Structure formats: structure tokens, C-alpha cells
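User: I'm new to this structure and would like to learn how to read its aromatic rings and a helix. Could you walk me through it?

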Amino acid sequence: MIKPYLMFNRECEEAFKLYIEAFGGELIAMQKYSEIPSSPDFPVEESDKDLVLYSQLRLTEDGIIMGSDSNRELNDSDKVVVSVELNSEEQARKAWNILIEEGSMDLHETYFAKLHGSLKDKFGVSWMFTVN
């Protein structure tokens with residue numbers, strides 16, 4: 001499954017409220033950084049606890065967008081990511097190894113997925129991989 005994934009500079013919740021107003025959309029999920037299990041691999045600063053880690057919004061019957069906040073300043077070119085949900089680890093690793101030019105998050109197991117990671121390919125396109 002492929003979904004647009006929007007990255008925000010600490011304004012995801014505000015943006016999604018605007019999109020709900022504009023499209024009459026339905027908020028499917030919104031998880032804040034404060035809600036994730038604490039981990040030394042992913043420390044959360046006190047000032048970041050209200051940031052959106054993950055959100056999903058149904059804009060139309062068939063159209064869903066996803067989004068989250070970054071705890072670092074993003075350039076406009078880094079704000080849209082192609083999120084790809086794959087069925088197998090092998091499929092994810094093959095695509096990952098072909099596309100990786102500049103990895104921003106290694107492809108690894110997380111508390112919410114078998115594998116998850118982000119990369120930028122040689123064309124400057126940002127990709128997010130998830131295997132559930």
C-alpha cells in the first residue's frame with residue numbers, strides 16, 4: 001500500500017485540523033511522542049512530548065494521508081514522503097538496498113512494525129518503508 005506521508009515542523013496537529021475542516025475528513029489515528037514506550041534508542045525530550053509521532057486522516061472515501069512532526073527543522077523538499085507498506089522483509093530489504101542513497105533512519109525492527117525505516121534516493125525522493 002502506498003500513502004502520502006507529510007512531515008511537519010511541529011505543526012502536524014494544527015495542519016490536520018485544517019485539513020479536516022477543508023475536506024470534512026475523519027481523523028483515524030493520532031499518537032503523540034508522549035504515548036510511546038520509553039527507550040534509550042529513541043529518547044524523547046520534554047519539549048517534544050506534545051509532538052505528533054503518527055497520524056492518519058481519511059480525506060475522501062478512498063484517500064488517506066498520514067503525517068507526523070519532526071523534532072528538527074525540515075526543508076520544504078523534506079516534507080513529503082512516499083510511505084510504502086510491504087508484505088515481506090525480503091521485499092523491503094531488496095527495495096531498500098537498491099534505493100538507498102542517504103539513509104535518515106535505518107531499516108530495523110520497532111515496537112510497531114517488523115521493519116521500519118526512511119531513506120532518500122539519488123533523485124532526492126524520500127521513502128518510508130514499513131513491514132507489519
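Analyst: Happy to. Rings of Phe, Tyr and Trp (its six-membered ring) pair if their centres lie within 6.5 Å; planes under 30 degrees apart count as stacked, over 60 as edge-to-face and the rest as tilted. Here Phe 8, Phe 16 and Tyr 19 form one aromatic cluster. This is a predicted model: local features need pLDDT of at least 70, side-chain atom pairs count only at pLDDT 80 or more, and totals for chains, interfaces and linings use all residues. Residues are numbered from 1 along each chain as its sequence is written, and side-chain values use heavy atoms, leaving out hydrogens and water.

User: How many aromatic pairs are there by this rule?

Analyst: A pair of aromatic rings is described by the distance of the centres and the angle of the planes. The count here is 5. In one of them, the centres of Phe 16 and Tyr 19 are 5.9 Å apart with planes at 50 degrees, so that pair is tilted.

User: Where do Phe 16 and Tyr 19 lie?

Analyst: Both sit in helix H1 (residues 12-23), 3 residues apart, about one turn of the helix. Helices (H or I, at least four residues) and strands (E, at least two) are DSSP runs, numbered from the N terminus.

User: Is Phe 16 buried or exposed?

Analyst: Buried means under 20% relative accessible area, exposed over 50%, partly exposed in between (1.4 Å probe, protein chains only). Phe 16 is buried at 1%, while Tyr 19 is partly exposed at 23%. The buried residues of H1 are Cys 12, Ala 15 and Phe 16.
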